[in-house]
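Reader: Please show me the structure, and then let us go through it by question and answer.

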Amino acid sequence: MNMLHYLKYFLFHGIGLVSLAAILAGGHYTSGGLLLVLLVYVVGDAVCGDDTSTPEFRHPGILTAQLWMALPLLALIVFAAVWSVSPGDPLGFGEWVTRLSGYDVVAARAATSFGNHLAMVILTGLMIGMIGTIPAHELTHRTGDPVSMFIGRWLLAFSFDTIFSIEHVYGHHRYVATEDDPATAPRGRNVYHHIVASTIKGNISAWNIEARRLQRKDQWPVSWHNRVIRGHLMSVLLVAAAWAIGGWQAAAWFTLCGLCGKALLEVVNYMEHYGMVRDPKKPVQPRHSWNTNKRISSWTMFNLTRHSHHHAQGEVPYQDLKPFPEAPMMISGYLTTLIVALIPPLWHRLMTPRVLAWDRDHATAEERQMAARANARSGIPLLLQEGGAAGAPAAGMAANAPL
Amino acid sequence: MFSFLARKAPPPPALVTAHINTQPITVAAQETLLQAALRQGIDFPHSCRVGGCATCKCRLVEGRVRELTDSGYLLSDDELDQGYILACQSVPQTDVRIEVDLSRQPARRSVTGRVIGQERLTGDITRLRVQLEEALPYKAGQFANIEIAALPGISRSYSFAMPAQPDALASFLVRKVPGGAFSTLINDQDVVGQAVLVDGPLGDFWLRPAAAPLLLVAGGSGLAPLLAILHEAVAAGVTRPATLLFGARTEDDLYAQEEIGAIVCDWRGPFRFVPVLSAAPADSPWNGERGLVTEKMAAFIEPDTHAYLCGPPAMIDGAVALLLRHGVARENLHADRFTTLRDDLAAAA
């Protein structure tokens, strides 16, 4: 068993450390760090191709430890960001880093312009999503392991999203690719609408799931037993900690970064299931997620990229997810696709042909009818044309007599 | 929040037996009831697999399970009192008995799919890859009847050439039979994109759990179900000593060599692979075994051997006679005869 297969997942921590350094170095280094991270993904995924290997790991404990390490790493990154807008030198952190590194971070902080601070929000938000939500997703799927659940929920607290540990597992995985799933974007929706809609509906859904659970146990929904309430209190605690470190502006700063992280997750939800349809009564299949096997994204995101297998078998730990090269494929790696998603005209231009190909090559006869209805509602001209041809067999199958 | 400090997970048990209604299955350590049932070809009702939908709700009649998630998310007090659990979130801690309504969908059914790949492996064997619309649980070693859009009304039996896949991909090895309409089409025409109907699973050829040494004998495309069985056994961490004898005519008729190489490499116990060529030209550089595969078997038979044979009827008959002569018990012999339509007609005459 090649050691490199363990090492490749440490690229995740590498990205986190680079971002930490970029935040502390201040000035143009912060913007440069953001640019570097973006370049590593966009160029790396374009150049390095796919990783479709699924090696057998004899020591999954190492991989779990890698996930757990995300919490101290993220705490440090977010602390550095909060410190960078705090008055004075809370906890003597700046002096300590300066002494350790020989680089005067306090002076660098003072010289950081507004523009570079803007880059810092984006970079920190990106890290809250990548170093926080991604490992938290993996960890909160491990409902049988209390340590993983504990760390996972704290990671989610940074993006005000502890409800994810409820909604994602008991809601999203059940309803994915149907109209009942807040995280599945219907055809034609733009990403900004989705960020708001999915956040609100996801919170409502989590509350309902949790309230029903408590009801079944004869417990009062508004109580300490409610994991939605407890989770949001964890986030409040983090805001309070930021306030304690640097006053109201630090608390506001942290809130801004956290919301950025939450928005990032919703963009990712958008990319992963945009336009998919499914009969709610039938099990989820790999065709109900957009998949990608891009190397850099896969290595630094714990195979979140292998999303088709993840939804078909939600119980499989990330290292055992298979690449499923026959599954419907995303535009590119995660960050590239994310940037495309943020530009709706470009998104629809690139995704509409993929959605139509999905209808033709992946959908069942029943799903094709659902897709035709979705197309008719989409407001996208190309899809509307297809919607008009509802019921007619798609081109690829026309030659084949029905069996 | 700190509940993990109080809870201690019990040590993982060794292999336990679960009775799903009356059918016994083995459950590996850390495996859920649902995973074990599906792996062993039981069409256990399920959907989300993460404890969110309750499709896999079943009743625990006897034994103890560890629940991976709070089943209170989905089950009512009444149901909990009656012993209902979620199969996808339950890891048996002891032998268990489970009651579940399996009548909702029959195990054997027809699933539509689409040909997504055709790969010529040898002069007369093609690997047909099919994307099914939904997963069809089967045991590695079983077969299905396949119908293709281009030949409506014609259905032929082929073994699954790999274990059931989570992405509902299936593959079959189709050997061209002279005069055979289906096999000629698959070997000679482009059928990628065509609709297919897969009806299965069928047959009782699968690996029985045991510790005895394995002797697997394949002739020609009879390697297909054995490859499926071997892949599944590798994934399950089987450590039994195993020997695979593969009979072919010439070196050009040996296929799946890389695939077998990977199995040899990943097998947790001793594994011998012996290709045997029956018609390799005398002057060919082949320095492996020559002759009929049945002539080479004797050296690999031990009295406690469990044998799995798959190939043409003549090979199977010869192998069975030989194994019985060497004292192998009849119940430890499992064979899958690959007959053609002509064989069937001859047998009926």
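**Contacts, cores and packing**

Author: B:Ala37 touches B:Ile20, B:Ile25, B:Ile42, B:Phe44 and B:Ala87, leaving aside residues up to four places away in sequence. Touching, or being in contact, means that two C-beta atoms, placed from the backbone, lie within 7 Å. This is a predicted model, in which local features need pLDDT of at least 70 and side-chain atom pairs count only at pLDDT 80 or more, while totals for chains, interfaces and linings use all residues. Residues are numbered from 1 along each chain as its sequence is written, and chains are lettered from A and ligands numbered from 1 in the order in which they are written.

Reader: How many residues does the largest nonpolar core have?

Author: A nonpolar core is a set of buried Ala, Val, Leu, Ile, Met, Phe, Trp, Tyr and Cys residues joined through C-beta atoms within 7 Å. A residue is buried if 20 or more other C-beta atoms lie within 10 Å of its own, exposed if 12 or fewer, and partly exposed in between. Among those with the most contacts inside the largest core are A:Leu74, A:Val267 and B:Ala37. The number of residues in this core is 127.

Reader: Which helix gives the largest share of this core?

Author: Helices are DSSP runs of H or I with at least four residues, and strands are runs of E with at least two, numbered from the N terminus. The largest share is 15 residues, and it comes from residues 227–273 of chain A, helix α12.

Reader: At what angle do α5(A) and α12(A) pack?

Author: Axes are lines fitted to C-alpha atoms, for helices over the stretch in contact, and angles run from 0 to 180 degrees between N-to-C directions. Helix α5 of chain A covers residues 70–83, and its axis is 8 Å from that of α12(A). Angles of 65 to 115 degrees count as roughly perpendicular, so α5(A) and α12(A) are roughly perpendicular to each other. The angle is about 110 degrees.

Reader: Which residues of α5(A) meet α12(A)?

Author: On the α12(A) side, the residues include A:Ala242, A:Trp253 and A:Cys257. On the α5(A) side, they are A:Val78, A:Ala81, A:Val82 and A:Trp83.

Reader: How many residues of chain A are in contact with chain B?

Author: Chain B puts 37 residues into this contact. Elements of chain B that give two or more residues to it are α1 (3–6), β8 (109–120) and β13 (195–202). From chain A, the number is 36.

Reader: What percentage of chain B counts as buried?

Author: Chain B has 9 helices and 19 strands. Of its 349 residues, the buried part is 43%.

Terms used. Parallel < 35°, antiparallel > 145°, perpendicular 65-115°, else oblique.
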